[in-house]
Amino acid sequence: MTGNGSHFPLFVDLAGRPCVIVGGGAIAERRAAVLTRFGAAVTVIAPTWAGTVPGVDWQARPYAPGDLEGAFLAVAATDDRAVNRQVGEEARALGIPVTVADCRAECTFYFPAVCEGGGVTAGLISQHGADHRRAARAARAVRQALEELE
């Protein structure tokens, strides 16, 4: 990476855009909830999925090469390092933005803490990924401030 290590916050329209999440655990469910809230067409690929997010298309099977074809963005959130790496590699080869839950260096974007209120949306990440607790505290403070706008 070049520059000072900080990242440009980019907001995109996800309405109807296909987003693929590989993994069926808690992280995958949180990502699915946020993406569907913003109108994405979410497909979860995982042998098991305990998620309760309405509108998610769950493919009850393991990830296979080719699963990201046509995706607007991808999330690798399995508990298997090799699968996450493979998802990241496929996404990068196809030019699809990808976040890899267990390896920041393999991400082409970082999934933010999303804060909404008073007609405002904010996204926060911890700089350099070093202090997730600090980012969580900041997100709580931003959410509180946005609630006060309503």
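Aspartate 102 and arginine 81 are joined through their side chains in a salt bridge, with N to O at 3.0 Å. This pair, in what is a predicted model, links distant parts of the chain, since aspartate 102 lies in the loop between strand E5 (98-100) and strand E6 (113-117) while arginine 81 belongs to helix H2 (residues 81-94), 21 residues apart. Arginine 81 also forms a salt bridge with glutamate 106, a pair that again links distant parts of the chain, 25 residues apart, with glutamate 106 in the loop between E5 and E6.

The structure holds three salt bridges, which are set out here.

| Salt bridge | N to O distance |
|---|---|
| Aspartate 102 and arginine 81 | 3.0 Å |
| Arginine 81 and glutamate 106 | 2.9 Å |
| Aspartate 67 and arginine 61 | 2.9 Å |

Glutamate 106 counts as buried because its relative accessible area is 13%, whereas arginine 81, at 28% relative accessibility, is partly exposed, and aspartate 102 is partly exposed at 38%. In the remaining pair, aspartate 67 is buried with a relative accessible area of 17%, and arginine 61 is partly exposed at 30%.

As for the whole protein, three helices and seven strands are present, and buried residues make up 35% of the 150 residues.

Definitions and conventions
Residues numbered from 1 in each chain as written. Predicted model: local features only at pLDDT ≥ 70, side-chain atom pairs only at ≥ 80, totals over all residues. Heavy atoms only, no water. Helix = DSSP H or I, 4+ residues; strand = E, 2+ residues; numbered from the N terminus. Buried < 20%, exposed > 50% of the residue type's maximum accessible area, 1.4 Å probe, protein only. Salt bridge = Lys/Arg side-chain N within 4 Å of Asp/Glu carboxyl O.
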